[in-house]
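Please find below some notes on the model you sent. They are set out as numbered points, to be read with the structure open.

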Amino acid sequence: MKLEYLYRGFPGHPLHPPLTDATIGIYTFATIAAVLSKVGIAEQKAAEGWTLALIVGLILSGPTAITGFVDWLRIERGTSLWRTATAHMVAMLIATAFFLVAIGAGYGDGIDGAITDGAFLLTLIGFFVLTVGGWLGGAVVFTYGMRVLNLVEEPAHQAVSPVPEPEEKAAEK
Ligand code: HEM
């Protein structure tokens, strides 16, 4: 077993994508909670939920960004794939910065059950940039096929288990 499997995941089972699901999911929850609080639905509880969700999202962003970064390091510089992945990285770092400033500005009020207009706006902008970044990440995977093996003949038992050969086999194609 290669050491890199620990931080890149296995062939056919990269680490970055499932972490992105958790990170985008919790930021989406935070944004929905902020909207609910602002329109007066469970105002206080939703504001508390927004606070906690942003904190969890920022914690999850660490391993998510690191696993994406180690994959990005392997892309040949200057290629279209590299440009798209770099735009994705920049978008995700900007989105993370917006969420960080939002919680920095609104933490106290959020814990007290209210979201300030400024923190709300920062959350909405962060979510918009996150969506753009997700779109670019989707292009990296679904347009360029990064980390995709596409071994349509692979037997099911081999496809679901982390076996080392397929990524090399796919690279030979
Ligand atoms: C909050 C941080 C991040 C989020 C939420 C995120 C989200 C995503 C998403 C949604 C995808 C498409 C995967 C799929 O649809 O299953 C993706 C792919 C990718 N992202 Fe990120 N990303 C983040 C940070 C980064 C960073 C900092 C880099 C560094 C350059 C990066 C590099 C990549 C690469 C190389 C891929 C292609 C798939 C792979 O290698 O696993 N990401 N990302």
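1. Arg 8 has a relative accessible area of 7%, under the 20% cut-off, and therefore counts as buried. The model is a predicted one, so this value, like the others below, is computed from predicted coordinates. Asp 71 is likewise buried, at 7% relative accessibility. Arg 8 and Asp 71 form a salt bridge, in which the closest N and O atoms are 2.8 Å apart. This pair links distant parts of the chain, with Arg 8 in helix α1 and Asp 71 in helix α3, 63 residues apart.

2. Asp 71 has a further partner, Arg 147, and the side chains of Asp 71 and Arg 147 meet in a salt bridge at 3.3 Å, N to O. Because Asp 71 sits in helix α3 and Arg 147 in the loop between α5 and α6 (156-159), the pair ties together parts that are 76 residues apart in sequence. Arg 147 is buried as well, with a relative accessible area of 13%.

3. What holds Glu 4 to Arg 74? The two form a salt bridge, and the closest N and O atoms are 2.4 Å apart. Glu 4 lies in the segment before α1 (5-8) and Arg 74 in the loop between α3 and α4, so this pair ties together parts 70 residues apart in sequence.

4. Through salt bridges that share partners, Glu 4, Arg 8, Asp 71, Arg 74 and Arg 147 are joined into one network. The structure holds 6 salt bridges.

5. Turning to the metal, which residues donate to the iron atom of the ligand? The protein donors are the NE2 atoms of His 16 and His 88, lying 2.0 to 2.1 Å from the iron. His 16 is in helix α2 (residues 16-38) and His 88 in helix α4 (residues 80-111), 72 residues apart, and the pair thus links distant parts of the chain. The iron has 6 donor atoms, with angles of 87 to 179 degrees among them, and the site is octahedral. Both His 16 and His 88 are buried.

6. The largest pocket holds about 810 Å³ of space. The lining of this pocket is made up of 34 residues, and the closest to its centre are His 16, Thr 20, Gly 68, His 88 and Gly 137. The iron donors His 16 and His 88 are therefore among the residues closest to the pocket centre.

7. Which helices supply the lining of the largest pocket? Helices α2, α3 (43-72), α4 and α5 (117-143) each supply at least two residues. Helix α4 gives the most, with 8 residues. By class, the lining has 20 nonpolar, 11 polar and 3 charged residues.

8. Last, the overall layout. The protein chain has 7 helices and 2 strands, which follow the pattern α-β-β-α-α-α-α-α-α when read along the sequence. The C-alpha atoms fill a box of roughly 55 × 35 × 25 Å, taken along the principal axes. Of the 173 residues in the chain, 39% are buried; those named above as buried include Arg 8, Asp 71 and His 16.

Key
Residues are numbered from 1 along each chain as its sequence is written. This is a predicted model: local features need pLDDT of at least 70, side-chain atom pairs count only at pLDDT 80 or more; totals for chains, interfaces and linings use all residues. Side-chain values use heavy atoms; hydrogens and water are left out. Donors are N, O and S atoms within 2.8 Å of the metal (3.2 Å for Na, K and Ca); water is not among the atoms, so sites may look incomplete. Four donors count as tetrahedral if all angles lie between 85 and 135 degrees; four count as square planar and six as octahedral if opposite donors are over 155 degrees apart and all others between 65 and 115; anything else is irregular. Helices (H or I, at least four residues) and strands (E, at least two) are DSSP runs, numbered from the N terminus. Buried means under 20% relative accessible area, exposed over 50%, partly exposed in between (1.4 Å probe, protein chains only). On a 1 Å grid over the protein atoms alone, a cavity is a set of points where a 1.4 Å probe fits but cannot get out, and a pocket is an open set with protein on both sides within 12 Å along at least five of seven lines; lining residues have an atom within 4 Å of a point. Grid points are joined across faces, edges and corners, and a volume is the space filled by probe spheres set on the points. Ala, Val, Leu, Ile, Met, Phe, Trp, Tyr, Cys and Pro count as nonpolar, Asp, Glu, Lys and Arg as charged, and the others, Gly among them, as polar. A salt bridge is a side-chain nitrogen of Lys or Arg within 4 Å of a carboxyl oxygen of Asp or Glu.
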